[in-house]
Amino acid sequence: MATILVDDDLLAVLPGAHPGPAEQIRELAVLELYRRRVISSGKAAELLKRDRGEFICYASRLGIPYLDLDEIELARELEGARTLR
């Protein structure tokens, strides 16, 4: 396990004592990695010790969408779905 030094200024803005600062920072890091699509929803759920569906709902409530397609990607997906009929 690695140790990360965190400035007191950052610790001061973390809300409350539960969960502790280390857990809050871990959650924020995992959420950001998921938002950037560096890790999958399954990996993020695993890292936060949550069920995948629960994690997806939680991230969505925080404004991180499960599906993040631009117009071209969406059109391709819809076209692909049409050919399955």
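Helices (H or I, at least four residues) and strands (E, at least two) are taken as DSSP runs and numbered from the N terminus. The model is predicted: local features need pLDDT of at least 70, side-chain atom pairs count only at pLDDT 80 or more, and totals for chains, interfaces and linings use all residues. Residues are numbered from 1 along each chain as its sequence is written, and side-chain values use heavy atoms, with hydrogens and water left out.

**Overall architecture**

- Along the principal axes, the C-alpha atoms fill a box of roughly 55 × 25 × 25 Å.
- Buried residues account for 20% of the 85 residues in the chain; buried means under 20% relative accessible area, exposed over 50%, and partly exposed in between (1.4 Å probe, protein chains only).
- The chain exposes about 7000 Å², of which carbon and sulfur atoms supply 57%. Accessible areas come from the Shrake-Rupley method with a 1.4 Å probe, and for residues only the protein chains shown count as cover.
- Of the contacts (heavy atoms within 4.5 Å) between residues at least 6 apart in sequence, 30% join residues at least 24 apart.

**Helix H2 and its buried face**

- Helix H2 comprises residues 21-35, 15 residues in total, and reaches 21 Å from its first C-alpha to its last, close to the 21 Å expected at 1.5 Å a residue. The expected span is 1.5 Å times one less than the number of residues in the helix.
- Which residues of H2 are buried? They are Gln24, Glu27, Val30, Leu31 and Tyr34.
- Seen down the axis of H2, these buried residues fall within an arc of 130 degrees, so they line one face of the helix. The arc is that of the directions from the helix axis to the C-beta atoms.
- An α-helix has 3.6 residues a turn, so residues three or four places apart point the same way.
- The buried residues of H2 pack against helix H3 (41-47) and helix H4 (52-61).

**Glutamine 24**

- Glutamine 24 belongs to helix H2 and counts as buried, at 11% relative accessibility.
- Its side chain reaches the backbone oxygen of proline 19 at 2.7 Å. A polar contact is a pair of N or O atoms within 3.5 Å; within protein, one must be able to donate a hydrogen and the other to accept it, and residues adjacent in sequence count only if both atoms are side-chain atoms.
- Neighbours within four places in sequence aside, glutamine 24 is in contact with Leu14, Pro15, Gly16 and Pro19.

- Tyrosine 58 is located in helix H4 and is buried, with a relative accessible area of 17%.
- Not counting residues up to four places away in sequence, tyrosine 58 touches Glu27, Leu31 and Arg50.
- Tyrosine 58 and leucine 31 are 27 residues apart in sequence, with 9.9 Å between their C-alpha atoms.
- Tyrosine 66 lies in the loop between H4 and H5 and is partly exposed, with a relative accessible area of 39%.
- The side chain of tyrosine 66 makes a polar contact with the side chain of arginine 52 at 2.8 Å.
- Beyond four places in sequence, the residues that tyrosine 66 touches include Tyr34, Arg37 and Ile56.

**Helix H5 and its cap**

- Helix H5 (residues 71-83) has 13 residues and reaches 19 Å from its first C-alpha to its last, close to the 18 Å expected at 1.5 Å a residue.
- Aspartate 70 caps the N-terminal end of H5, with a side-chain oxygen 3.1 Å from the backbone nitrogen of isoleucine 72.

**Loop residues with positive phi**

- Most residues other than glycine have a negative phi.
- Arginine 37, in the loop between H2 and H3, has a positive phi near 65 degrees and is partly exposed, with a relative accessible area of 36%.
- Lysine 49, in the loop between H3 and H4, has a positive phi near 55 degrees and is exposed, with a relative accessible area of 72%.
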